[in-house]
Amino acid sequence: MSIRKTKKGFTFVELTITIGISLVAMLMIIKFLSSTRHHYIYGTVNLQNLQEARLAINYLRRDFSCACPRLDEPIDDEDFVNFQIARKQIFATTSWTSGSESDLIQVLPHGLLFYRYSFDSPDEKPRVMLVRYEFDQAAKTLVRIGQDGKMQKFTGIEDVEFKVYVHQINERVPILW
């Protein structure tokens, strides 16, 4: 009997197929991990933007729920007429504006200007303070500026449009959108 020596090892074809399959598997794993990382970062950024937007909405809700027109006591008959009109209409419109531009609540497409009651004063009566919201489209930032000079910036906001509408059930109560 003849003893045949068998060589142990891989042929070139086997080695090439093995390397090809390994490369395909590695590329699939890398693509999956890259996609997962991208979705994680995208989700984190969206979550941060949503938190900023929620904070901005909370500030707006708090401020607008205390909004009021700033009305001076009437001195003469003409002031009394304006005073009565302003009591019925707290929003500045194109048809009627008060003597001072910031007396009534002004709603602009990318801004909001109004007075609000501030209940943190030591006096019996609440203070009336001016609050402005302005949207900077280039910086994607909504800025809240109080009369006291305090500024609050809300970043990561894509677009802002302020509107006022009334609900069909109660037309006397304006709602900020």
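## The loop that holds K140

K140 is placed in the loop between strand 4 (127–136) and strand 5 (141–146). Strands are DSSP runs of E with at least two residues, while helices are DSSP runs of H or I with at least four residues, and both are numbered from the N terminus. This is a predicted model, in which local features need pLDDT of at least 70 and side-chain atom pairs count only at pLDDT 80 or more, whereas totals for chains, interfaces and linings use all residues. Residues are numbered from 1 along each chain as its sequence is written, and side-chain values use heavy atoms, with hydrogens and water left out.

K140 has a positive phi of about 50°, although K140 is not a glycine. With a relative accessible area of 35%, K140 is partly exposed. The classes are set by relative accessible area: buried means under 20%, exposed means over 50%, and partly exposed lies in between, with a 1.4 Å probe and protein chains only.

## Salt bridges

Side chains of opposite charge can pair when their charged atoms come close. A salt bridge is counted when a side-chain nitrogen of Lys or Arg is within 4 Å of a carboxyl oxygen of Asp or Glu. By this rule there are six salt bridges. K140 takes part in one of them, with E158, at 3.3 Å from N to O. This pair links distant parts of the chain, 18 residues apart, since E158 lies in the loop between strand 6 (151–155) and strand 7 (164–166). E158 counts as exposed, at 54% relative accessibility.

R132 and E134 also meet through their side chains, in a salt bridge of 3.1 Å, N to O. R132 is partly exposed at 31% relative accessibility, and E134 is partly exposed at 37%. A further salt bridge joins K163 and E161, whose closest N and O atoms are 3.8 Å apart. K163 is partly exposed, with a relative accessible area of 43%, and E161 is partly exposed, with 47%.

## The chain as a whole

The protein chain contains two helices and eight strands. From the N terminus on, its elements run α-β-α-β-β-β-β-β-β-β. Of the 177 residues in the protein chain, 23% are buried.

## Helix 1 and its surface

I30 lies in helix 1 and is exposed, with a relative accessible area of 52%. Together with M26, I29, F32 and L33, I30 forms a nonpolar patch on the surface, and the accessible area of these residues together is about 550 Å². Patches are made of residues with over 30% relative accessible area and no salt bridge; like charges are joined within 9 Å, and nonpolar side chains (Val, Leu, Ile, Met, Phe, Trp, Tyr) within 5 Å. Accessible areas come from the Shrake-Rupley method with a 1.4 Å probe, and for residues only the protein chains shown count as cover.

L50 is also placed in helix 1, and at 59% relative accessibility L50 counts as exposed. L50 and G156 are 106 residues apart in sequence, and their C-alpha atoms are 8.6 Å apart in space. I57 has its place in helix 1 as well, but is partly exposed at 37% relative accessibility. The C-alpha atoms of I57 and F154 are separated by 10.0 Å, although the two residues are 97 residues apart along the chain.

## The largest pocket

Rolling a probe the size of a water molecule over the atoms shows where empty space is left. On a 1 Å grid over the protein atoms alone, a pocket is an open set of points where a 1.4 Å probe fits, with protein on both sides within 12 Å along at least five of seven lines, and lining residues have an atom within 4 Å of a point. The largest pocket has a volume of about 440 Å³, a volume being the space filled by probe spheres set on the points, which are joined across faces, edges and corners.

The lining of the largest pocket has 18 residues, of which A53, A56, I57, L60 and F162 lie nearest its centre. Helix 1 (residues 12–65) gives the most to this lining, with eight residues. The lining divides into eleven nonpolar, three polar and four charged residues. Here Ala, Val, Leu, Ile, Met, Phe, Trp, Tyr, Cys and Pro count as nonpolar, Asp, Glu, Lys and Arg as charged, and the others, Gly among them, as polar.

## The end of the chain

W177 is placed in the segment after strand 8 (174–176). W177 is exposed, with a relative accessible area of 62%. W177 and Y165 are twelve residues apart along the chain, and their C-alpha atoms are separated by 7.2 Å.
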